[in-house]
Amino acid sequence: RHELKYYINYDTYYILRERLKQVMEKDPNMKSDDGYLVTSVYLDDMYHSAIEEKIAGIKFRKKFRMRSYERDYQLIRLECKSKCSEYISKTSAIISSDEYRKILAGDFDFLLKRSEDVCKELFGYARLKQMKPVVVVEYQREAYISSLGNVRITFDKDISASKVLDVFSEEYYTQKVLPEDIMVLEVKYDDYLPVHIHSMLQGICAQQCAISKYVMCREEKRRVNFV
């Protein structure tokens with residue numbers, strides 16, 4: 001699966017959104033035009049491999065995260081996102097809020113009893129490299145989909161980091177990492193990007209970049225001396 005990323009401003013967003021609405025469907029998970037809240041707790045190892053490999057441009061790398069939507073503690077996914085150049089793949093498993101808090105506390109033993117590949121893989125990484133939660137990445141996502149090429153185009157707004165790693169804690173809060181008028185456009189597709197969608201992306205004010213919301217939020221934590 002291909003993944004392309006761009007920084008865009010709100011002027012470009014308004015133009016492109018109106019174009020896409022003509023040829024693509026809204027993601028069924030969108031309950032409103034504003035999209036839905038995505039909150040991910042990312043893990044890294046004792047060597048800070050996830051951020052160092054991204055910055056170094058290593059072609060093949062993995063990131064583990066615990067993801068919720070609208071901060072719903074009843075539906076939390078443990079995910080591993082693998083990337084090779086611009087190609088991505090993802091494995092996932094549903095975990096309970098108790099299992100979520102075990103991982104926050106550094107307890108990975110329960111994963112060995114789970115049958116899903118992502119659980120066993122994280123258990124191995126935790127034993128070998130001392131994995132631990134390091135940063136929260138949160139944003140509002142507006143998404144559009146097309147069955148042709150299995151295309152998914154998203155606008156990720158209000159990208160924020162948090163000092164508090166438990167997103168269900170009363171002390172949880174976030175801090176934005178980009179200027180108010182900037183968001184991230186992501187274009188994902190399988191074998192091909194349909195010509196009519198590709199043409200709509202042409203001529204907009206955007207430049208493809210190796211953007212990482214994860215790196216943005218890790219660097220924001222360092223900048224403001226988050227623990």
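Which strand gives the most to the lining of the largest pocket? Strand β4, residues 60-69, does, with six residues. Keep in mind throughout that this is a predicted model.

**Stop 1: the largest pocket**

The largest pocket holds about 780 Å³ of space. Its lining is made up of 37 residues, and those closest to the centre are Arg65, Arg67, Lys90, Arg141 and Lys188.

**Stop 2: Ser68**

Stay on β4 and select Ser68, which has its place in this strand. Is Ser68 buried or exposed? Its relative accessibility is 2%, so Ser68 counts as buried; the cut-off for buried is under 20%. Beyond its neighbours within four places in sequence, Ser68 is in contact with Leu37, Val38, Thr39, Leu75, Val167 and Phe168.

**Stop 3: helix α1**

Next, select residues 10-23, which form helix α1. The 14 residues of α1 reach 20 Å from the first C-alpha to the last, close to the 20 Å expected at 1.5 Å a residue. Colour Thr12, Tyr13, Leu16, Arg17 and Leu20, the buried residues of α1. Why are they on the same side of the helix? They lie on the same side of α1 because they cover an arc of only 125 degrees around the axis. Turn to the other side of α1 and you will find Asp11 and Gln22 exposed.

Then zoom in on the start of α1, where a side-chain oxygen of Asn9 comes to within 3.2 Å of the backbone nitrogen of Asp11.

**Stop 4: Arg114**

Move to the loop between α3 (97-104) and α4 (117-129) and pick Arg114. With a relative accessibility of 16%, Arg114 counts as buried. Draw a distance from the side chain of Arg114 to the side chain of Glu116: the two make a polar contact at 2.9 Å. Leaving out residues up to four places away in sequence, Arg114 also touches Ala93, Ile94, Ile95, Glu99, Cys119 and Lys120.

**Stop 5: helix α6**

Finish with residues 213-223, helix α6. How many of its eleven residues are buried? Eight are, which leaves α6 mostly covered. To display the buried residues of α6, select Lys213, Tyr214, Val215, Met216, Cys217, Arg218, Glu220 and Lys221.

How values were computed
Residues numbered from 1 in each chain as written. Predicted model: local features only at pLDDT ≥ 70, side-chain atom pairs only at ≥ 80, totals over all residues. Heavy atoms only, no water. Helix = DSSP H or I, 4+ residues; strand = E, 2+ residues; numbered from the N terminus. Expected span 1.5 Å × (residues − 1). Buried < 20%, exposed > 50% of the residue type's maximum accessible area, 1.4 Å probe, protein only. Arc of directions from axis to C-beta. Polar contact = N/O pair within 3.5 Å; in protein donor to acceptor, adjacent residues only side chain to side chain. 1 Å grid on protein atoms, 1.4 Å probe; cavity = no way out; pocket = protein on both sides within 12 Å on 5 of 7 lines; lining within 4 Å. Points joined across faces, edges and corners; volume = space filled by probe spheres on them. Contact = heavy atoms within 4.5 Å.
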